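Here is a walk through a two-chain model, written to be read with the structure open beside you. Let's start with the domains and work down to single residues.

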Amino acid sequence: MRMKILSLGLVTLTIFCPTTLLRAQGEGQHGASASKVVRLGRAPVSKDILKVTLPRPVVTKLPNGLTLLVLEQHKLPTVAFSLRIQSGAMTDPKDMPGLAMFTADMLKEGTTHRTSSQLASDVDNIGSSLNASARFSSDSTQISASGLVTNTDRILELMSDATLNPNFPQDELEKYKKRQIANLEQQRSDPDFLGEERFRHAVYGSFPAAVFAATRESVSGISQAQLQAFHDRYYVPSNAILGVAGDVKPSEIKDLVLKYFGGWKDHPIDKAKLGDVPPPSAFKIYLVDRPGSVQTNILAGDYGARRADADYISLVVMNRVLGGGPQARLFLNLREDKSYTYGAYSQIGDDTYRAAWYANTEVRTAVTDGSMHELMYEFNRIRDQQVPENELDESRHAIVANFALSLEQPQRLLNYWMLVQAYGLPQDYWDRYPEHVAKVNQEVVQTAAKKYVDLAHLQVVCVGDRKQIEDVLKKYGPVEVYDADGKRMP
Amino acid sequence: MRKLCALGALPTLLLSLTAGLTAAELRLPALNLNDTKLENGLRVIIVVDHTAPIFGIDVAYNTGSRNERPGRTGFAHLFEHMMFEGSKNVGKGEHFILVMNNGGNMNGTTNNDRTTYFESLPKNQLDLALYLESDRMRALEITQSNLDNQRNAVQEERRLGIDNQPYGKAFLDIDNLAYDNFAYKHSTIGEMSDLNAANLQDVQDFFRVYYAPNNAVLTLVGDLDPAETMVKVNKYFGGLPAQTAPPAIDLSEPEHYGERSETIMDPLARAPMLAMAYHIPQGDAPDFYAIQVLEHVLGAGQSSRLYQHLVKDKQFATEVQVQADKRRGPGLFYVVAFLRPGVKPEDAEKVVREDIASVQKDGITNQELEKSRTQFLRENIQSRQSDLFTAIQIGDDVVNFSDPNLINTVVDKFDAVTADQVKNAAQKYLIDTGLAVVWDLPAPHAEKSAAGK
């Protein structure tokens, strides 16, 4: 539940906040902008790109079908396990939105060996962490456990107990339902949630990725039997990838994994094929009325590429140019130039289907019109004009140069390789990545822009005060209005 | 250049630990600090780490929102934004562009106590980082249009994090209610009217007074050679003139005579929230670590007392946060509970008070003490993964407590706390006269949103 936007006490404010989630015109048209970006070019920059070879994990497949990746890094005496089960929210039955999430959340609420509170004590007593989740927007369940390397055996035992032996006790289930009902209510006060919920409906239509929240009905209706059935059906080793990163030795870890996950019985599962996303809908603006808002939260985007598509990399580069950080077009325009916002960015998804890309910014209500104007200006610009060579070169360079920073984060490195497994990418994917990035030239970026920044089918969502913004939004296209409970308004 | 001290002697590389060490024997890896001061007063700390070919750099200035005067709240943070708007040899926006396009990551942060600017870059960009930081320490290019631009960015930052969110006002008001001394009483983000009033002269004055080498500490952690690095540091920072040390701020709180409370009607909230804050001493006080143990016992992990009582047993809350603020001046011990719709904050508050009373009467168990030590050790070891985070931590410790070695001793200090000391700290500090409480209640809407105007 994305509730904590604020921090306590020592409120530490940052200069910008890169987006990782989804998350009228008082000023008139800005003519000549008053506060423009300036490049003096005097700072000393090394032109060398550090050649980085990403460390590889040791990959094995266990007899029961579980794929195991082990990546060593001995800087700190810590270990982290990540289990990715390849079934999640997209596998929810249509009449039971949230089933995958409920199942994952309930793993920690009791097993055949431990009550919820015993599990919590066992985890905390060794200073470890154990988490399980199945977020909407992806088709996987993630279970992770980490802590000090001296407790490796125990950490893995706890993780295996929660993963393999949950028994979904009825009394814990009743408590969970109450918490979830409260979450469903609370999240409707969050403009990021409201924006993303409406955006998914707009883009995906009848496709399962459109679902972004459970309902009171689905929460109230959860039964032990349903949770057990989902668990037994989809939590099988051949449907899972286990990654281990840290101060470990592959051979020793493999023995430990066999000890706790070796008895995990496999069976074939028939996963319903997701199929393709439906054809895109025509350009439309969705206004989610949030009375009392002092900002408008704008999302605008459409289908992207599948993670395993060859085209994906051109989308990565295009996205970087458009809105991939404070050095990108959206930020430099809407914030540094026009003063509309604290931040404006774009992001792309990654999944087995064509997950959406979108631009996102939060602007003071009075400049909603100006912000829409600038977003459309940037979308048109990247389509109609080839990205200048030096700007494109900077983006390509940045993507490759950034790998150096990842070398200090073993879990991040491990995740690169988990992706290779999860999406069936070639084994030399990351070795050849710089080469593929280098091939994304001006023509390729422009082709990607025309394809993905598909203005005729762009879906735009604005969360804000209807009274103040509805009229200005109508200038940009047809507007449909919803309330914060997701109901269509006249 | 006088070398002040070289602390620690243990290597930073760790050998693989398999069997042998028990959790009790596992120690926080010691960092070897090279600690120097330039002639102009700039303190420079270097820690070598060859794990990855990168480095983290942090410049921490001895100024924060505590230095603001009435009528100019939010200024330290607004000023931080101005530091990215251009200096003599770096244009507006160029800092972002150069760092982000050369494989780096960056940000800046302001809080009540200090302002930091930091980057993480591949190791071949050390000159770039030092150039950028020294250029803006030397002279800013401040224009009215840049000031207006960043004023807007800051105001949108406030709207994004506070004014457009449920509970935003409550988070500002809890500090406002608890503190009497203006320094910590007012918010770091500032009031809109004060932000509107900030002018160019204010910016120039603030720069002159606070942004001087003798008022800053530069920390570098990563794949660096200390000798070569110091040559470069001298090249870029050596010529900067020292300024008069800024006046010290009195952070002391007067005595508090009674509990304070406030109820906020919140039109953006759909569920209630309870925020409580007790006065505690500053972060390097002898009692502080006992309070940190208490923080863990009450709120760290799902086995913690408040999680079990408020979330599981009574089902009043969906989430509980407990935090002991580690400040340069007097701190606050927060308990925040996000409540289920329909739950009365007074009922949740009663549970919190009961749990505190229970510790005051019976103390904590040995098992809870051991658990908190293991949790704290793990947190501190984990935080070493990032060179940048390590640099920021050291910078903060120098500005706030004049103790760069705190990063090496903090776990020992925590481990030295006894169960009796925890009980005594609860009795001494978690008392009504030191308490401020805010209840945030969802306010009914004046008009139904479905009416459609």
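The domain bounds used below come from an automatic or database domain assignment. Keep in mind that this is a predicted model.

**Domains in both chains**

Chain A is split into domain 1, covering 58-261, and domain 2, covering 284-489. Taken over C-alpha atoms, the centres of these two domains of chain A are 29 Å apart. For chain B, the assignment gives domain 1 as 32-237 and domain 2 as 260-442. Here the centres of the domains, again over C-alpha atoms, are separated by 28 Å. The table puts the two chains side by side.

| Chain | Domain 1 | Domain 2 | Separation of domain centres |
|---|---|---|---|
| Chain A | 58-261 | 284-489 | 29 Å |
| Chain B | 32-237 | 260-442 | 28 Å |

**Where the domains of chain A meet**

In chain A, 25 residues of domain 1 are in contact with 29 residues of domain 2. On the domain 1 side, β3 (67-72), β4 (78-85), α5 and β7 (240-246) of chain A each put in at least two residues. Which element has the largest share of that side? It is α5(A), with nine residues. Sorted by class, the side of domain 1 of chain A that touches domain 2 of chain A has 11 nonpolar, eight polar and six charged residues.

That helix deserves a look of its own. Helix α5 of chain A runs over residues 191-204, so to speak, end to end: its 14 residues reach 20 Å from first C-alpha to last, close to the 20 Å expected at 1.5 Å a residue. Is α5(A) mostly covered or mostly open? Mostly covered, with 13 of its 14 residues buried. Just past the end of α5(A) sits A:G205, with a positive phi of about 60°.

**Where the domains of chain B meet**

In chain B, 35 residues of domain 1 are in contact with 30 residues of domain 2. Several elements of domain 1 of chain B supply at least two residues each to the side that touches domain 2 of chain B, among them β2 (33-37), β3 (43-48), α5 (168-178) and β7 (216-222). By class, that side of domain 1 of chain B holds 19 nonpolar, eight polar and eight charged residues.

**Chain B as a whole**

Chain B has 16 helices and 12 strands. Along its principal axes, the C-alpha trace of chain B spans about 70 × 60 × 45 Å. Looking at contacts in chain B between residues at least 6 apart in sequence, 81% join residues at least 24 apart.

**Strand β12 of chain B and its partners**

Strand β12 of chain B (residues 435-442) is mostly covered, with seven of its eight residues buried. It pairs in the parallel sense with strand β8 of chain B (residues 260-266), over seven bridges. In that pairing, B:I264 stands opposite B:D440. Strand β9 of chain B (residues 273-280) also joins β12(B), this time antiparallel and through six bridges. There, B:Y278 stands opposite B:L435.

**A buried loop residue**

B:L28 lies in the loop between β1 (2-7) and β2 of chain B. Why does B:L28 count as buried? Because 20 other C-beta atoms lie within 10 Å, and 20 or more is the cut-off for a buried residue. Setting aside neighbours within four places in sequence, B:L28 is in contact with B:L377, B:N380, B:I381 and B:V411. The C-alpha atoms of B:L28 and B:Q393 are 15 Å apart, although 365 residues separate the two along the chain.

**Chain against chain**

Finally, the contact between the chains. How many residues does each chain bring to the contact? Chain A brings 90 residues and chain B brings 106 residues. On the chain A side, helix α4 (residues 170-187) gives the most, with seven residues. The side of chain A that touches chain B divides into 41 nonpolar, 27 polar and 22 charged residues.

A:L13 stands opposite B:T110 in β5(B).

Key:
Residues are numbered from 1 along each chain as its sequence is written. Chains are lettered from A and ligands numbered from 1 in the order in which they are written. This is a predicted model: local features need pLDDT of at least 70, side-chain atom pairs count only at pLDDT 80 or more; totals for chains, interfaces and linings use all residues. A residue is buried if 20 or more other C-beta atoms lie within 10 Å of its own, exposed if 12 or fewer, and partly exposed in between; C-beta atoms are placed from the backbone. Helices (H or I, at least four residues) and strands (E, at least two) are DSSP runs, numbered from the N terminus. Two strands pair if DSSP finds at least two bridges between them. Two residues are in contact if their C-beta atoms, placed from the backbone, lie within 7 Å. Ala, Val, Leu, Ile, Met, Phe, Trp, Tyr, Cys and Pro count as nonpolar, Asp, Glu, Lys and Arg as charged, and the others, Gly among them, as polar. The expected span of a helix is 1.5 Å times one less than its number of residues.
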